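Open your viewer and keep the selection panel handy. We will walk through a few selections together, one stop at a time.

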Amino acid sequence: MIKLAQSLKKHKVGILRWFKTKLTNGLLEGINSLVQAAKRKARGYRSPENFIAMIYATVNKMDLIMES
């Protein structure tokens with residue numbers, strides 16, 4: 001019980017943030033996968049701006065619905 005309480009206390013901010021954002025780890029992992037795909041596509045580009053543009057172009061295909 002002590003370890004559980006310590007773990008909850010350690011991750012309190014993230015746990016409470018979920019109630020506001022409803023973002024799950026699965027969604028974040030999916031976005032990370034798309035960023036990694038963009039990284040593979042962006043090989044040979046000369047600037048970080050082009051890499052960022054490729055990330056936006058790739059992730060833009062996802063339908064992200066977030067309520068505030």
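**Stop 1: a nonpolar patch**

Start by selecting Met1, Leu4, Leu8, Ile15, Leu16, Trp18 and Phe19: together they make a nonpolar surface patch with about 780 Å² of accessible area. Patch members have over 30% relative accessible area and no salt bridge, and nonpolar side chains (Val, Leu, Ile, Met, Phe, Trp, Tyr) are joined within 5 Å. A salt bridge here is a side-chain nitrogen of Lys or Arg within 4 Å of a carboxyl oxygen of Asp or Glu. Areas are Shrake-Rupley values with a 1.4 Å probe, and for residues only the protein chains shown count as cover.

This is a predicted model, where local features need pLDDT of at least 70, side-chain atom pairs count only at pLDDT 80 or more, and totals for chains, interfaces and linings use all residues. Residues are numbered from 1 along each chain as its sequence is written, and side-chain values use heavy atoms, leaving out hydrogens and water.

Now colour helix H1 (2-10) and helix H2 (12-21), each of which supplies at least two patch residues. Helices are DSSP runs (H or I, at least four residues), numbered from the N terminus. H2 gives the most, with 4 residues.

**Stop 2: helix H4**

Next, select Met54, Ile55, Thr58 and Val59, which are buried in H4 (under 20% relative accessible area; exposed is over 50%, partly exposed in between). They cover an arc of only 120° around the axis, which puts them on the same side of H4; the arc is taken from the directions from the helix axis to the C-beta atoms. Show helix H3 (25-41) too, as the buried residues of H4 pack against it (contact: heavy atoms within 4.5 Å). Finally, pick Glu49 and Tyr56, exposed residues on the face of H4 turned away from its buried side.

Notes:
Patch = residues over 30% accessible without salt bridge, like charges linked within 9 Å, V, L, I, M, F, W, Y side chains within 5 Å. Buried < 20%, exposed > 50% of the residue type's maximum accessible area, 1.4 Å probe, protein only.
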